[in-house]
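Hi everyone, thanks for coming.

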Amino acid sequence: MTTPIVPPPKKNPQKRTRVPTRPSHFRSRAALGLAAAAAEGRFMLQTCAECGTVQYPPRDACTKCLSTDLPWKDIAATGKIIAGTTVHTSTNVYFRERMPWRIGTIRLDAGVSVMCHVHGDVQTGDNAKLINRLDKSGQAVLLAVPAGGAPNMEDDPQMRELTCDPKFRRVLIADARAPNALALAKAFAAAQASIIFMGEPEGWRPYPARKEIAKVKGVEILPLDVTDTASVLELVGEIGGKTDILVNNARYVRPGGIIGRTDVNLAKDEMEVNYFGLMRLAQGFGPGMRARGADGQNSATAWVNILSAHAWSNMPDYGAFSASNAAALSLSQCLRAELSAGGVRVMNVFTGPTEDEWHQPLPPPKVAPEAIARAVIAGLKDGLEDVFVGDVAKDLIERWRAGPKILEREMIESLGQSS
Amino acid sequence: MSAVENDAAAALGQFALALAGGDIEVVDLTHTLDPDFPVIILPPEFGQCARFRIEEISAYDHRGPGWKWNNFTCCEHTGTHFDAPVHWVSGRDLPNNSVDTIPPEKFIGPVCVIDCSEGSKSNDDFELTPDIIEAWEAEHGLIPADSWVLMRTDWSKRSGAAYLNMREDGQHSPGPTPAAVRMLVNDRHVRGFGTETIGTDSGQAEHYTPPLPAHYYLHGAGRYGLQCLKNLDLLPPTGAMLICAPLKIKQGTGSPLRVLALVQKDASIV
């Protein structure tokens, strides 16, 4: 059984904050398929299209028939630990700081043996499950965990390195006025976040959820308007050094595309919140979070954006909003690159039309605030980069992967169909 | 030089001396342009008033080592601001109806201040009525034609949510009734009307006939509006001079501006 972590003590102000170091991040191009799968928490291996051989490690050709047609497929991640050891020293600074480290070999039911990291509750001879996760360098690593789970298994030090668990961490939710703010606050409280800072724009305007939000355990409401640089910088000055997880849930949605709007005012508002808002938050909070990526048990760990799935392919009925989200998606990739030096993960949660006043005339299915909140927490606990919540988003990304131009054609046909 | 010209020159000279000597005081009636200052809130499906925002260009740093400057953005109707007749549909076709074409002499003029602070203290929806105007005139004399009339409510002493005072059924703040505006515009021929609240109209003025009577009647008659004023409690009921020149925005419907009043020293105490 894993010893559960306890709330970390107050930081010793005389100690220098540990500079984040990273495990090796060099991989072959073939091996990056594993990172792409880990970004969604999937365990996938190359499976030869011609002879069906499942292989590991990833290569450029099939080890059996030399075919180069090697699509990545979801594979049953169960197997048996056939060997294990504990490493006590390493030349790599990242691992030196975290010794000892358990590694082993698992024989998968799919027929391949895989060298992997081993959870503290797994012994040689045990049946185990292999999970594919991103490490602090953003590369895929495989960790063997107890097949049936184990008490407090998420608190295992090797596992916690691979996840962004909110437990005992301090969270900033950027927009208390957003329709999902209350659900997010409650979900983080349930996940044992120690403080839930809620950014509140325009405190001079009442909004119905405020009372309920204020009642959630650990919530502190502070002024923050992502469209106002001064307001962002002021909050950075106050809590920038103790923001471990930032959830950027600020968004501005209005129906409409280009021709029906006659001016660019709404589009500017969309960009101000959805694109520049992200940039302001990142310029403000990014440096501190990147510097605190290895700051003990409650280190800075994740940046969460809640984006429209139509960032991938424009939905003309919400065409300008989609475009602002495409810009935000692109910017999030830049942020992912810039935060990677600190080992801070950028997780994008993509959603289809949401249950709110601006999607009210749209037919179901629509994504409820609680579903978004659940997806955020689950994604952090799994240390994901890409989360698709709800049927629309899941379907859309599948169609995008199958053929972006075909999807574009389908989205064009959808104009006028959404109300 | 004619006698009239001599008088004018002497008046300006005396004015300069009185100003320098402190016998005439300058009262600032303007709120600071602050990103968090409330603006009018319309139903969400309508276009909205932009908030005041600042983005730094440089601050003696790598972006400009020896100087600091900012870009700012806002609506023509953000913060303490001036309303031109073209702002309202009733004034859309009038000549000289935008801030760039209003004759500049209209930006300096005498001002009457009607104190409604007592009533507004206990009633968020306090109305300025013809009766109140007549009672004021009984004490201070007829409102002179072409003068500004300001409605003092001390509303500017509120801030944040209490200033906007938005409830489920809309905003609640004091303002004039349709009859009061008709009286000021048609009978007293005022130049303009100003308030301490977010608009020249009351928070609930949408429910009058016509809706938003101050906007409708004032601008329909080519008169002006001032809102989000402060320090009206430092002005005497009569005798002050108002200076309120908006930015010269091409076909502008209004503009944030610095509103100043010139008052005789200690006049407000008398």
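This is a predicted model: local features need pLDDT of at least 70, side-chain atom pairs count only at pLDDT 80 or more; totals for chains, interfaces and linings use all residues.

The crossing of α4(A) past α9(A) is right-handed. Who makes the contact? On the α4(A) side we have Ala183(A), Leu184(A) and Ala187(A), and α9(A) brings several residues, among them Pro369(A), Ile372(A) and Val376(A). Sorted by class, that's 8 nonpolar residues, 2 charged and no polar.

Okay, over to where the chains meet. Here 10 residues of chain A are in contact with 12 of chain B. On the chain B side, β2 (53-61) and α4 (160-164) each give at least two residues, and α4(B) has the largest share, with 4 residues. By class, this side of chain B has 8 nonpolar, 2 polar and 2 charged residues.

Now look at the sheet in chain B. It's open, has 9 strands with mixed pairing, and runs β1-β15-β13-β5-β7-β11-β12-β4-β14. At the edges sit β1 (24-28) and β14 (254-256), each pairing on one side only. Ignoring direction, neighbouring strands are turned by 25 degrees on average.

Zoom in on β11 (residues 192-195) and β12 (residues 224-227) of chain B: they pair in the parallel sense over 3 bridges, and Gly192(B) has Tyr224(B) as its bridge partner. Lying across β4, β11 and β12 of chain B is helix α6 (residues 213-220), at about 140 degrees to β12(B).

Definitions and conventions:
Residues are numbered from 1 along each chain as its sequence is written. Chains are lettered from A and ligands numbered from 1 in the order in which they are written. A crossing is left-handed if the near helix is turned anticlockwise from the far one by less than a right angle, and right-handed if clockwise. Two residues are in contact if their C-beta atoms, placed from the backbone, lie within 7 Å. Ala, Val, Leu, Ile, Met, Phe, Trp, Tyr, Cys and Pro count as nonpolar, Asp, Glu, Lys and Arg as charged, and the others, Gly among them, as polar. Two strands pair if DSSP finds at least two bridges between them. Axes are lines fitted to C-alpha atoms, for helices over the stretch in contact, and angles run from 0 to 180 degrees between N-to-C directions.
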